[in-house]
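Colleague: I'd like to learn how to read a model like this one. Could you take me through it, feature by feature?

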Amino acid sequence: MYKYFNSRALRWMQTMTFAIKEINQRSDLLPQLKLGFHIRDSCDDIPVSLKASLLLVNGQPESGSRAKSCAALQMTVSPVIIGDAASGVSMALLRSLGSFHIPMVSYFASCSCLSNQREFPTFMRTMPSDAFQIKALAQLVSYFGWTWVGVIGLESDYARFAIQLFLQESVQYGVCAAYTHFYPVVLNQQALDELLDVIQMASSKVIINFCSESEMQSILREIRHRNITGLQWIASEAWATAKSLWEKFGDLLMGTLGFAIRRADVIPGLKQHLTSLRPSYIHESAFLAEFWEEMFNCQLNGSVNRHSHRVDSNFDRLPCKGTEDLNDIYSPYSDVTQLRVSYNVYKAVYLVAHALQDMSNCTVGLGPFLNGTCADPKNFKPWQLIHYMKRAYFSSLGEIVNFDQNGDPNAYYDLLNWQRMPDSSLHLVKVGFYDASSSGGRSLVINGSVIQWPVGNQASRSVCSDSCPPGSRIARRKGEPICCFDCVPCAEGEVSNKNDSLECSRCSEDTWPNKARNLCNPKIIEFLSYHDLMGIVLCVVSVLGACISLSFLTIFFTYKDTALVRANNMELSFLLLVFLAICFLVGLLFIGEPSDWLCRIRYPAFGISFALCISCLLAKTVVVLMAFRSTLPGSNVMKWFGPNQQRASALLGTAVQVIICLIWLLTSPPHANNNRDFHSATIIIECVTGSEVGFWCVLGYIGLLACMCFLMAFFARKLPDNFNEAKFITFSMLIFFAVWITFIPVYVSTAGKYTVAVHIFAILASAFGLLFCIFAPKCYIIILKPEKNSKKNMMQR
């Protein structure tokens, strides 16, 4: 069975030995002390790790083991443990070693759960907590608009806590998990089938994977078998720099994005230290022997290695020549271009060294312990060492290293993009970074122009629902994640001016949405204006009617001595023509922007002017009846209805209307009003009557006068005069009634400027009816048929 040999982990071990050697050679750091070490293989297995750690803290040598120290091969108690790489193993060791108070410094365990100082008070690490990596990942997917992502991870404490944190953090960025899936450490075919079925069935092509490179190899192998392409991988820091994956699966990993921990550009001397291994030294360690035999596919003399990681290899290897050199071949072990975890190991060793240095610098009486005592650097307790470790502050290769109250370092990640070079090799390109210490929302910085994507030249889309454009809002789908929604247009009177609005905002009273419903525009102000075509026409007609009335008045005045004019009550005719001209001009008061004073003039002027006209007409009708009655033998009626009585009757009829108007104006007068209810997008400036009773009383009184006039004229229509005016008055009243009876339902059913136009039309139509029915025939006779304008002709029956 194929199993990946972790040569990177071997490099981490060798980096530790290099750092210890470097410190021991320095004169400015721990000049009076020399550091030693014991190395145990955890095998990434909790029982093996527990056994090894207990041996270290108890000072018991393992059978057949080799240990190296500063003085002798005698086994001593280890006051601090550097490791483990895995979060789950670290948690198990901490719980088991808690009673010993042994400090543990991990260089790769990133689970946020380990930041719990109440549960793990002796734990520190040079690896940032996953809490920061998760914040970076949530901002990353949000930056590219990936709101629908798949999240998978190894069935381990590391992945469980990381995925739980991601699901919590991503909510504030509007990112949802299309699915979450955990797979076992041992990826058998059934587990792979379940995982790949989930990936294939989901609509999301963006996948965040929390695992190590060994599990990733199995997953990629099955993806290739199923011929799944176009996936956008987001790597956790555990495999973000695993170049070994590229050798076999580069076509599937091109465009991968991932956060990697801070890199050291170079650790001086490390490359030479790593490649200085020789067969003579390798015999001291079983895993060094295993590495050497795997790397050169040979067998060392006296090797204890009895298994192979090569698929096509057998145990009949040729003996090693002894001339093999790591400088002649490439391996992840000797690759120092991505010194990230190795740099963490380097800092972990220096953390212990600086803590011991601070302990050595303690002044007796001013120490941090009971009664100001200091710890002895050559004979101290583990809990005394952890005190100094948590307060460590030092510089490492130009970087300031310090720790927070949880024992976590400053979080800084490089955003790496897996790019294919012309020779098909992998190039890990830094396309951004995440610095948790940055403020003002600039913790994540990305240079998107240099990113190479799996497909095409831009980031793929990965959303459950398309973005809602301005003018609409998000409507959540019941029972589905918040990223799955429908877009609902804003209701009438509401707008939204950005994408994915949760709510639409209502426009103010004086504004209304545009057609796209993304902007509130000022409402249209509507009133019958002199600039409107309809207003211009009505204005012209009103003036024309007044001019015609005055023209008829001029004709009557010019021919006032003729029989026709004298026979038709000349004085009342003059008054009626003047009042009709006023009625035509009253129509002009209904045009223009309404104001309170204009409204209070408009309706009384209309009521009084028509009351004057109808009262004069009523008086003329009464005169006709009285004139006929006066021709009967013994009748003396006309002396009771002479010119003074006629003027008095017209004024009396008008006085009643004036009283009605005064009461109306004093109680509840008309006034201007901004009507926003009839049409939402329009503000109608209109005159409201104030008192509906007052308005209908004015209109009703005019109707009452008209009815009286009509009845009297109807009774006098068959009088024997050759030119009987009662017939014309009767016909004019019929037109008057037709106009105003039609006006009432139309007036009630319209609004805005059309209501005003209907009112003006009724005024003009009724006035023209009176004008032409009563005076047009007379003017026709006076101007065109002067021979009929004689007393003789008037007296003919």
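Colleague: Let's start with side chains: which residue forms a salt bridge with Arg 477?

Modeller: First, the ground rules. This is a predicted model, where local features need pLDDT of at least 70 and side-chain atom pairs count only at pLDDT 80 or more, while totals for chains, interfaces and linings use all residues. Residues are numbered from 1 along each chain as its sequence is written, and side-chain values use heavy atoms, leaving out hydrogens and water. A salt bridge here is a side-chain nitrogen of Lys or Arg within 4 Å of a carboxyl oxygen of Asp or Glu. The partner of Arg 477 is Asp 486, with the closest N and O atoms 3.2 Å apart.

Colleague: How exposed are Arg 477 and Asp 486?

Modeller: Relative accessible area decides that: under 20% is buried, over 50% is exposed, and anything in between is partly exposed (1.4 Å probe, protein chains only). Arg 477 is partly exposed at 28%, and Asp 486 is partly exposed at 38%. Elsewhere, salt bridges with shared partners link Asp 193, Asp 197, Glu 222 and Arg 226 into one network.

Colleague: How many salt bridges does the rule give?

Modeller: The count is 22. Among them is the one between Arg 461 and Asp 466, at 2.6 Å between the closest N and O atoms. Arg 461 is exposed, with 60% relative accessible area, whereas Asp 466 is partly exposed at 49%. Asp 28 and Arg 26 also meet in a salt bridge, 2.8 Å from N to O. Of that pair, Asp 28 is exposed at 53% and Arg 26 is partly exposed at 29%.

Colleague: Now the backbone. In which order do the eight strands of the open sheet run?

Modeller: In general, strands of a sheet pair through backbone hydrogen bonds, either parallel or antiparallel. Strands (E, at least two residues) and helices (H or I, at least four) are DSSP runs numbered from the N terminus, and two strands pair if DSSP finds at least two bridges between them. Here the order is β5-β4-β6-β7-β8-β11-β12-β13, with mixed pairing.

Colleague: How many bridges join β8 to β11?

Modeller: Five, between residues 257–261 of β8 and 412–420 of β11, and these two strands run antiparallel. Look for Phe 259, which stands opposite Leu 415 in β11.
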